[in-house]
Amino acid sequence: MAKRVAVIDIGSNSVRMVIYEKTSRFAFHILHEAKSRVRISENAYQNSGNLQEIPIQRAFDALRDFLSIVSSFKARKTLCIATSALRDAPNKKDFINRVRNSIGLNIKVIDGQREAYLGAVACINLLPRQRNALSIDIGGGSTEFSLIDEQKTDSNISVDLGTVRLKELFFDKGDIDGATIYIDSQLKHLDATNISTIIGIGGTFRAISNAILTKSGYPIDKLHAYEPNCDEFQTLLKKIINSDEDELKNLGIKSSRFDVIKPGALILLRVLERFKIEKLVTSGAGVREGLFLTDLLRNSNDRFPPNYNSSVRYILDAHVDNLSYANQLCKVSKMLFDLMHKELKIEEKYRYELAIAAKLCMSGNNIHYYSHNKNSYNLIKDALEFGFTHEQIILIATLTRYAKRKLPSQSHIQKFKNLLPDSAQLEALSYLLSLAVTLLSHYPRNIDFTLSFEESKLKVESKNSLYLAKESVNKLETLTNKSIEISFYTL
């Protein structure tokens, strides 16, 4: 597969492009994104689905500029798909041929089931594992659903529900009751479905989640994997449907979405009212990521290998020079956890986050050595994007921020109190990572000591003097609720 790949998605509302760069076999990051709200389906649903000349020209102009960007980034492969707007258009061949003949771009029109599957592939690979979930991707012309359980997906369904379609057929005429009846008729495809989690893909769900996130003073600005409160989400949907433009603005809805947010909100409301939903999850990844991943993982059944995380691998590839040391630090951290977590009263589930923090805690070094803790913290908080909950991301970032320095500050704990473990467990995890860094102060070629722990006493045995480790241990900030004695023995 090419190192740089461009993905273009022609939807009913917008044309979007992402340029991805691989850093190793399955690791990647985004180099560039571009979006143009060309509204290619404008007035199409009032004209038997036929694309109209003005929106066609807008789409053509946007695609031509997108290819200029692709060329600038030297991407060696371009994947371009079109969804509902072209799928429904009797005159789609005219547009496809014009684009191919004029600018050399090949457009592949995919069916609704394929579109639903691509969204599901993105969710399975790039979100934390979800059980008994239904993904919903509301577009301009259609809405796609997929059942997701762990790494399995089935029942990929596409229905003729979309924000632009409903706007032109019902909302522009003030026929909300007619829109509701039409939505419910299309949702009969879900009658045999029994789910407890909704995964929201696409602009409508993200816009509503973002409004809740912003208004609530949520401590991090990250929509991917954000879990809005179900009752709050449903209440906001009802307000949106009955609001004018000034009220929509006050609710946190961007003006660019004023004309299509109400149809989207009504679709979501009718879906939520059909099920007993316990959890909502916002996905920042969708069809574009799914298309890229099916190309990247085409020989792996469209799934990452077990226990593989693309974001962790990307940070290691791009920001960690000494991989051997990172692996040693991870191993020693897990050794300390296994020996001490019961006495320190740390839940076993946090072993994973401690191990990831240990691997990544030196990632800020190559940005600026003297502020590497702060750099590692910011990098991880932003770039540890895929496969983690927000609680996991903040815990991992926090542990790296305070590694070999001091225990987490009370102001930091207070800021992220709803995302972090209790203070005692956080302090203990931070202490273990700092201790691991201390024990490896001499950067050995191989780990040259053994560890044992009994009755609050850690015994470190080595054939070497471990002089730097002994010196550094005395500088560690001790736990406030536990006294740990560390003894070194030279064999």
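**A first look at the model**

Tutor: In helix α7, the buried residues are G203, T204, F205, R206, A207, I208, S209, A211, I212 and L213. Keep in mind that this is a predicted model.

Student: OK, how many of the 13 residues in α7 are buried?

Tutor: Ten of the 13, so α7 is mostly covered, given that buried means under 20% relative accessible area.

Student: And what does α7 reach from its first C-alpha to its last?

Tutor: Helix α7 covers residues 203–215 and reaches 18 Å, close to the 18 Å expected at 1.5 Å a residue. Just after α7, G217 takes a positive phi of about 70°.

Student: Which residue other than glycine has a positive phi near 50°?

Tutor: That is N132. N132 sits in the loop between α4 (112–126) and β6 (133–138). Most residues other than glycine have a negative phi. D302 also has a positive value, near 60°, and lies in the loop between α11 (287–296) and α12 (310–319).

Student: Is D302 buried or exposed?

Tutor: D302 is buried, because its relative accessible area is 12%, under the 20% cut-off. N132 counts as partly exposed at 32%.

Student: New topic. How many salt bridges does the count come to?

Tutor: The count comes to 25 salt bridges. One of them joins the side chains of R98 and E53, at 3.8 Å from N to O. This pair links distant parts of the chain, with R98 in helix α3 (residues 92–103) and E53 in helix α1 (residues 53–72), 45 residues apart.

Student: What about R64 and D61, where do they lie?

Tutor: Both are in helix α1, three residues apart, which is about one turn of the helix. R64 is partly exposed at 42% relative accessibility, and D61 is partly exposed at 27%.

Student: Which residue does R129 meet in a salt bridge?

Tutor: R129 meets E150, at 3.3 Å from N to O. R129 is in the loop between α4 and β6 and E150 in the loop between β7 (143–149) and β8 (152–159), so the pair ties together parts 21 residues apart in sequence. Salt bridges with shared partners join R129, R131, D149 and E150 into one network.

Student: Last one. Which residues gather in a patch of negative charge on the surface?

Tutor: D244, E245, D246 and E247 do. E245 is in helix α9 (residues 245–250) and is exposed, with a relative accessible area of 54%.

Conventions: Residues numbered from 1 in each chain as written. Predicted model: local features only at pLDDT ≥ 70, side-chain atom pairs only at ≥ 80, totals over all residues. Heavy atoms only, no water. Patch = residues over 30% accessible without salt bridge, like charges linked within 9 Å, V, L, I, M, F, W, Y side chains within 5 Å. Areas by Shrake-Rupley, 256 points an atom, 1.4 Å probe, with all protein chains shown as cover. Salt bridge = Lys/Arg side-chain N within 4 Å of Asp/Glu carboxyl O. Lys, Arg positive; Asp, Glu negative; His and termini not counted. Charge placed at Lys NZ, Arg CZ, Asp CG, Glu CD. Helix = DSSP H or I, 4+ residues; strand = E, 2+ residues; numbered from the N terminus. Buried < 20%, exposed > 50% of the residue type's maximum accessible area, 1.4 Å probe, protein only. Expected span 1.5 Å × (residues − 1).
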